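Subject: Structure handover, pockets and surface

Hello,

Please find the structure below for your records. My notes on its surface and pockets follow.

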Amino acid sequence: MKLVFAGTPEVAVPALDALIASGRHEVAAVVTRPDAPAGRGRRLVASPVAERAEEAGIEVLKPAKPRDPAFLERLREIAPDCCPVVAYGALLPRVALDVPARGWVNLHFSLLPAWRGAAPVQHALMAGDEITGASTFLIEEGLDSGPVYGTVTETVRPTDTSGDLLTRLAFAGAGLLAATMDGIEDGSLTAVPQPDEGVTLAPKITVEDARVDWTAPALRVDRVVRGCTPAPGAWTTFRGERLKLVQALPLPDRTDLAPGQLAAGKNNVYVGTGSHAVELLWVQAQGKKPMRAADWARGARIAEGEQVGD
């Protein structure tokens, strides 16, 4: 088939690579979000997908909105059979969905109908899911509600962050998307409607969602820290300033600290929760780089009885 691939961030690059490497289909063009300011200089930078496509000599389309007439005209000129999508980042209007004969097929990082929305991996971790995965489905105008072509499963490891899990799913999902394109082309795959039961939503994680509630059990604190790492970053406050929590470890044997109460030793920093304590391993103070929590605590000279989340 002739394909137009739509995607933007680094997590979409493995799928683009898999489609290019398969040799079975022609990736005629790539659609991605416009260049965005990045770094201290805030200069405009192309998306990771755009950079990879340019390296491969593939035409790159960067419409401000996917309903832009010039973009739609070029899409019709290319006349793709199918448009695979991974984390493109913009809502596709009906007028765009109607262009490819076999539709737009999205790689979504959950086992649909669970976790429909922008942040499925973060929500899966924060909810304590033990198994997650990726799904390919035919895009329709509803939110991640189209019929499913295929899935792959992935075990959630006890120390996984959303970054760790998303990286594994990006590579497992790349193979799934390539296989889905093959199955659509040869007629061996049929999309199956999603069940009405088991629908959960995964909206974008807000900064407030990432704030740690120290009255919650340690298990919940651990899930929030891992689910919000690397973005948007779990956080609390200390002496009136924001403190980012990069890595923490629940300690079932320590129950002597009140919620939010700090205890700093020579090489360890502990915080009380609604159940047992957690050990802070890595933190990031406001305006600083990430550092070991013990180094942060020495510099802060934590007094007995001080709290986080004040």
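This is a predicted model: local features need pLDDT of at least 70, side-chain atom pairs count only at pLDDT 80 or more; totals for chains, interfaces and linings use all residues.

Leu 201 sits in the loop that runs between helix H6 (162-186) and H7. Together with Leu 143 and Val 199, Leu 201 makes a nonpolar surface patch of about 270 Å².

The largest pocket holds about 1000 Å³ of space. It is lined by 36 residues, and those closest to its centre are Ala 87, Tyr 88, Gly 89, Gly 117 and Ala 118. Among the contributors to this lining are strand S7 (104-108) and helix H5 (120-126), each of which supplies at least two residues. Sorted by class, the lining of the largest pocket has 22 nonpolar, 8 polar and 6 charged residues.

The second largest pocket holds about 210 Å³ of space. Helix H7 (residues 218-227) gives the largest share of its lining, with 4 residues. The lining of this second pocket includes Leu 219, Asp 222, Arg 223 and Arg 226, as well as Leu 125, Gly 128, Asp 129 and Glu 130. Val 156, Arg 157, Pro 158 and Pro 250 also line the second largest pocket. By class, its lining divides into 5 nonpolar, 1 polar and 6 charged residues.

Regards

Notes
Residues are numbered from 1 along each chain as its sequence is written. Side-chain values use heavy atoms; hydrogens and water are left out. On a 1 Å grid over the protein atoms alone, a cavity is a set of points where a 1.4 Å probe fits but cannot get out, and a pocket is an open set with protein on both sides within 12 Å along at least five of seven lines; lining residues have an atom within 4 Å of a point. Grid points are joined across faces, edges and corners, and a volume is the space filled by probe spheres set on the points. Ala, Val, Leu, Ile, Met, Phe, Trp, Tyr, Cys and Pro count as nonpolar, Asp, Glu, Lys and Arg as charged, and the others, Gly among them, as polar. Patches are made of residues with over 30% relative accessible area and no salt bridge: like charges are joined within 9 Å, nonpolar side chains (Val, Leu, Ile, Met, Phe, Trp, Tyr) within 5 Å. Accessible areas come from the Shrake-Rupley method with a 1.4 Å probe; for residues, only the protein chains shown count as cover. A salt bridge is a side-chain nitrogen of Lys or Arg within 4 Å of a carboxyl oxygen of Asp or Glu.
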